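Please keep the sequence and the model in view while reading.

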Amino acid sequence: MFFHNYKYALKTLLKNKALVFWTLAFPFILAIFFNLAFARLHDYDQFEPFDIAIVRDDAYNNEQTFAAAFKTLTSGDERMFKAKYVDFDEADKMLDEEKVEGIVYVKDGQAHVKIKGNGTNQTVLKMTTEQVAQMSGMIDDIADAEQQRAGGTLNLIEVKMKAAEIVQNAQPKISDDSHVMNVVSIEFFTLIAMACMQGAMLSSEMLNRCLPNLSHRGKRVAIAPTKKSVVVLSNLLAGYTMLLGSVILLILFMRFVLGVDFGDNMGLIMLLASIGSLTATMFGMLLAVMFKMSDNAKQVVVLIITMVGCLFAGMFGGMKIFFDEACPWMNKINPVGLITDGFYSLLYYDDMTRFIVNALSLVALAAIFFVLSVRNLRRARYDSV
Amino acid sequence: MKNVIEVKHLTKSYKQNKAVDDLSLAVKEGEILGLLGPNGSGKTTTMNCILSLLKYDAGDIKIFGKEMAPDAYDTKAKIGVVFQEVAVFDELTVYGNIDYFCGLYIEDKATRAQYVEDALKLVGLEENKNQYPKQLSGGLLRRLNIACGIAHKPKLIFLDEPTVAVDPQSRNNILEGIKKLRDDGATIIYTTHYMEEVEILCDRVIILDHGKIIAEGTNDELKALAKIEEKVTVEVAELSPKQLSGFEKIKNVDSVSYEEGALKVVFGKGKNNLAEMIEYLKANRINYSRIFAERPTLNDVFLELTGKELRD
């Protein structure tokens, strides 16, 4: 009975054009667009340092780690930017006259980028600034903790050294052919996370089919002599199979067709994708159980939640840093953020702790969604069908 | 004959509104019981309560002698349901749909394949088995809906308005199929608001209104409740008020009306009413094109009992 249900559930899913589009075709299309948008960045030979303006005022100087990191990025043979240190008005004028591609400045302790247009250089400047700001923030946090532990004896120069060291370590990944453009990889990581979360549509649709209060087909299933647990689990497994299959295809497509760099961690990336897909499957189940809506309405809700999750996780530029600072808990419960951060940590850190924390957080979220759903499903009898 | 279904004092409310009000009924093995009533009379709600799809406020429901519950799997295995709404998968073929729903009851593949073929034959969809639901007409889709509900050869079948919005050919096919199911030994609960179908199919009829049983019996028993014996309709091109009032004087006439060329005379009792009518028409030299008599219908019974038409 389980296999019979599973087989037909999978068959109907694979023939459902709307679901196939959102869970399979849409992420592939986005991946191709991303690849086209970042095509120039893949070719290091074409990458030339470009002019930027840095507003060097008290606010900038106060962010010593950030400033030190930018100094490294703007000096030496392998520099990314040709920097001009000016005040804000002068920088603005230079931007208007198109003498620079963008302005980097610090205001209220936050790094900002002002650009005109949406070219590749502007994207590189924006993403690099976000990355450096994030790293600097982390280094400052670590340094503060270290200083507290050392009783305030740590030398500030050592902190700057550490910042330079981190950025130096990061820069080869940007310029080294074996690790092409990690800044771009983050966009692809978020895309994989998005593909995982879109999968909530599948499990939501599958639950709709099982429950008599959600669909006419559900009524027919409910009067059959098949245990609800068998029907629900076989349907969920079908949804999960399709989701995982499409996410794996997406990762393989990115890796082998688009040439996205995932480092040497394909196995762990697949593992995290499968955990992320499980979380999304459970989320879709919860959505179906808790809210009586049409299939289309649920698809729209999943789409909106996923896109908001992607926004928090950094798919659309610098929002990740903003949200990480404004509401740090947000990305700790945002599955898209957890998946993206898990991939990111694989590429950036030798230590597996952050990856494991992200993976376990996703498992915990999946467990919470599952328990809440089952509580609602068990012995449910309906007031209306 | 033993009872397949026993419902006692079933009550189900939606907020302040009582959808089923202290309803008790029994269905005998092998019979076709018609649940007749206008929209909103509680037919479908009663059916959903019996099937344990809905919570109900009070009452006892037994099917095949056992209390019905969502986890009464042995009982459920013997039940087939055809819902009012078409409930099939657009992504599966006709054969695939029947096979899927039949597979929820029948695990053995060979048996299931035979059952699916039998169901296709019963509803006349053998030639459409590789088509998808979207390629079927409304009538054929209804037939598929029925096949999905009865393919596993259930002993008790609930049919909830299975002929709504179907063409006459499909309706005939469906009604013939239902008779065949009864002949094969199934007990059938047939809910509808089409009195003609009830008269053709059902051994016994329960008339519902506002969640209550207002009448119960065979067709003839119910028709005996109507206070009319015969309705005679005469197509007359022209009729003066004097001529019209003359009809009221004919023996046994209860009421007379004339509208759009049709004279309707209702007789409360008597045997040779039609002959007397013809005599009267001849005697008064009233020209008519057509004349026919009708026995009271279940609609007349419903009108008599509730003061409104079944399809109001």
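**A guided reading of the two chains**

His9(B) has its place in strand E1 of chain B, which covers residues 3-14. The model to which this residue belongs is a predicted one. Although His9(B) is not a glycine, its phi is positive, at about 50 degrees. Is His9(B) buried or exposed? His9(B) counts as exposed, because 11 C-beta neighbours lie inside 10 Å, and a residue is classed as exposed if that number is 12 or fewer.

Asn252(B) is found in the loop between helix H9 (241-247) and strand E12 of chain B. Its phi is near 70 degrees, a positive value in a residue other than glycine. With 16 other C-beta atoms within 10 Å, Asn252(B) is partly exposed.

Strand E12 of chain B comprises residues 253-259 and is joined to E13(B) by six bridges, the two strands running antiparallel. One position in this pairing is Ser255(B), whose bridge partner in E13(B) is Val266(B). E12(B) and E13(B) form a hairpin with two residues between the strands. Which residue of this hairpin takes a positive phi? It is Glu260(B), with a value near 50 degrees.

E13(B) also takes part in another pairing. Strand E11 of chain B (residues 230-235) and strand E13 of chain B (residues 262-267) pair in the antiparallel sense, again over six bridges. Here Glu230(B) has Phe267(B) as its bridge partner in E13(B). As a general point, side chains in a regular strand alternate between the two faces of the sheet.

Chain B may now be considered as a whole. Its secondary structure comes to eleven helices and 14 strands. The C-alpha trace of chain B spans about 75 × 45 × 40 Å along its principal axes. Of the 312 residues in chain B, 41% are buried. Among the contacts in chain B with a separation of 6 or more, 69% are between residues 24 or more positions apart.

Attention now passes to chain A, which contains 18 helices and four strands. Buried residues make up 45% of its 385 residues. For contacts in chain A with a separation of 6 or more, residues 24 or more positions apart account for 75%.

In what order do the strands of the open sheet in chain A lie? The order is E2-E1-E3-E4, a sheet of four strands with mixed pairing. Strand E2 (81-86) and strand E4 (110-115) of chain A are the edge strands, each pairing on one side only. From one strand to the next, the twist averages 25 degrees. Strand E3 of chain A, residues 102-107, pairs with E4(A) in the antiparallel sense over six bridges. Within chain A, Val104(A) stands opposite Val113(A) in E4(A).

Two packed helices are described by the angle between their axes and the distance between the axes. Helix H10 of chain A (residues 200-210) and helix H12 of chain A (residues 228-257) pack at an angle of about 155 degrees, and their axes are 9 Å apart. H10(A) and H12(A) are therefore roughly antiparallel to each other, since angles over 145 degrees are counted in that class. The crossing in which H10(A) passes H12(A) is right-handed.

Which residues of H10(A) meet H12(A)? They are Leu202(A), Ser203(A), Met206(A), Leu207(A), Arg209(A) and Cys210(A). In H12(A), the residues that they meet include Val231(A), Asn235(A), Gly239(A) and Leu243(A). Sorted by class, the contact of H10(A) with H12(A) has ten nonpolar, three polar and one charged residues.

The last subject is the contact between the chains. Chain A gives 23 residues to this contact and chain B gives 25 residues. On the side of chain A that touches chain B, helix H1 (2-14) and helix H11 (216-222) of chain A each supply at least two residues. H11(A) gives the most to that side, with six residues. By class, the residues on the side of chain A that touches chain B divide into ten nonpolar, six polar and seven charged.

Note on methods
Residues are numbered from 1 along each chain as its sequence is written. Chains are lettered from A and ligands numbered from 1 in the order in which they are written. This is a predicted model: local features need pLDDT of at least 70, side-chain atom pairs count only at pLDDT 80 or more; totals for chains, interfaces and linings use all residues. Two strands pair if DSSP finds at least two bridges between them. Two residues are in contact if their C-beta atoms, placed from the backbone, lie within 7 Å. Ala, Val, Leu, Ile, Met, Phe, Trp, Tyr, Cys and Pro count as nonpolar, Asp, Glu, Lys and Arg as charged, and the others, Gly among them, as polar. A residue is buried if 20 or more other C-beta atoms lie within 10 Å of its own, exposed if 12 or fewer, and partly exposed in between; C-beta atoms are placed from the backbone. Axes are lines fitted to C-alpha atoms, for helices over the stretch in contact, and angles run from 0 to 180 degrees between N-to-C directions. Angles under 35 degrees count as roughly parallel, over 145 as roughly antiparallel, 65 to 115 as roughly perpendicular and the rest as oblique. A crossing is left-handed if the near helix is turned anticlockwise from the far one by less than a right angle, and right-handed if clockwise.
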